[in-house]
Amino acid sequence: MSMVWKKRREFALLSAVFLLVAGCTNDKADDATGELDPDNPITFSAFFADPNPAWNKMEDDVGQAITKRTGVKLNAEFAVGNPDEKIALIAASGDYPDLISPKGAAELLVDSNAMVDLEPLIEKHAPNIKKMIGDDMGRLRYSNDDPSIYFIPTINTVEHTPFDAEGTFNLQHAVVKELGYPEIRTVKDFENAIKKYMEKHPTINGQKTIGLSLLGDDWRFLISVSNPGFKTTGGSDDGEFYIDPQTYEATLHYRRPEEKEYFRWLNHMNDIGLLDPESFVQSYDQYKSKIASGRVLALIDAQWQYQDGEKALKKAGKQERTYGHYHVTLSEKYKDPAFQDNGFLGGWGIGITKSCKDPVRAIKFLDWMASEEGQILNYWGVEGKHYEYDEDGKRVIPKEVQERRNNDAANFDRESGIGSYHISLRYGDGVKDSTDNYITTKHPDQIVNDYSDIEKEVLAAYGAKTWKDLFPQADEFPVKPWGAAWDISIPNESKLKVQEQRAKDIVYKRIPEAILADPDNFDKVWDQFMKDLDKIGVEEMEAEYTKLVKQRVKLWSE
């Protein structure tokens, strides 16, 4: 165990007394019933590594309906800042919430013997989950050495067929409309559109126009700054490593020569004044506030990360200042594999800890959330209030509800609770229920209904119906036999864990330095970046990660 981890663990133990992580509490009795019973309510404590800005303590419409049906309430806490630090505190304290969704820090909890093996509970008490997983149960197993199932997938959905794109290169509708809908295919096309519009509009609503803003705040740096390096150069999303699809050899993706040229382009964007100079010093809230002002023409980011700012634009009636999503790569020789099929991923999800006094009722709750009834409630809301059935038996959203979804999304989400309960296994887009209706609202007809008029106008100009139409399709890429490398757990005792953190520290320092450098010094800074990675044993890191990828392929093939 490294000294860094020892100090972190000692701090966590000292801090544990301050944790307000309650145990499993029953409003009427303290005994475990194992049954979902509205007349015998129960409150489960929970921690989620992802933020949930719409969370309303289950006082929203969907939350109340869940409690009315199951008798369960969640006393939930959501991560602020780096979730791994909070998970480390929880793991070291020995005082766990009933339910926990740790994302990439799961090994801290497993190594602390905090988690319940869910396989027996699924076999006996979770028919919906068992049915949905089917023959892919092996993909939920923790590792080759430990075949237990500790987490039910919540990040990745079952049988998902995405019908729309949500990033990564995003350009305001006002920009492309005024410029006559120019081709947006390469980073140079993206640059030219920003430049031409800025020349015409140096200010927007009395404020200085910002060409392209990036988000370098904490871990969000990976989404907006570093991950686009592989996305623009044909690399699939495997986190910090590029995986050779033939040999499964892992390479820290920044070491690919083609990615260097992507970051050189960002350096050029900064040099000519098109990059927001505050990209690496602004907070997440400042970033969203800028977007909400309407003066940021372009973003390189995922929609889920900037959507709060976009929702504010919609509420203000500034639909033309919201963003379209374009297939942009370094040059036309590359294709963004955004829709490449990972297959069913086990990986990140929710688990039941050994602190829970009623794990049977907890798994039954998660199973009910995975039921057809639970999923429709989560995706569509309450029948008669948020949706209805037409004369053909088709589930539809009334016009007035649709208008609120489009134009007052932040308040609507908080009041309705729709989409706030992705806390169990669920189907993805394209799956139909027993009534021959789509389980999610993300089906082709509803996606188009969700678009604003300007969005439909822009898409039509590009000969598309949805943003996905502008991207390479799934059948243009092979299915990845390792799934996604970013959700492979690294053993806590592995040297790779420390090396990976040191590599991230180097990345967070050197990439902004390279982007903001004088162009004549870019190569010098990049060379130092590579030397810094060499010093921490980057080739050793790559060899170890290659081993983990190959173990994943073997585990899943068995």
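**Close-up views of a predicted model**

View 1. Helices here are DSSP runs of H or I with at least four residues, strands are E runs of at least two, and both are numbered from the N terminus. This is a predicted model: local features need pLDDT of at least 70, side-chain atom pairs count only at pLDDT 80 or more, and totals for chains, interfaces and linings use all residues. Residues are numbered from 1 along each chain as its sequence is written, and side-chain values use heavy atoms, without hydrogens and water. Helix α12 spans residues 284–293, and its buried residues are Tyr-284, Tyr-287, Lys-288, Lys-290, Ile-291 and Ser-293. Buried means under 20% relative accessible area, exposed over 50%, partly exposed in between (1.4 Å probe, protein chains only). Their cover includes β8 (207–208), α9 (220–226) and α13 (303–315).

**View 2. Packing of α20 on α22.** Helix α20 (residues 495–516) and helix α22 (residues 538–557) pack at about 125°, with axes 10 Å apart. The contact (heavy atoms within 4.5 Å) involves Lys-495, Leu-496, Gln-499, Glu-500 and Ala-503 of α20. From α22 come Glu-540, Met-541, Glu-544, Tyr-545 and Leu-548.

**View 3. Glu-35 in its loop.** Glu-35 sits in the loop between β1 (25–26) and β2 (42–48). Its relative accessible area is 44%, so Glu-35 is partly exposed. Beyond neighbours within four places in sequence, Glu-35 is in contact with Arg-361 and Lys-364. The C-alpha atoms of Glu-35 and Glu-513 are separated by 57 Å.

Notes:
Axes fitted to C-alpha atoms, helices over the stretch in contact; angles between N-to-C directions.
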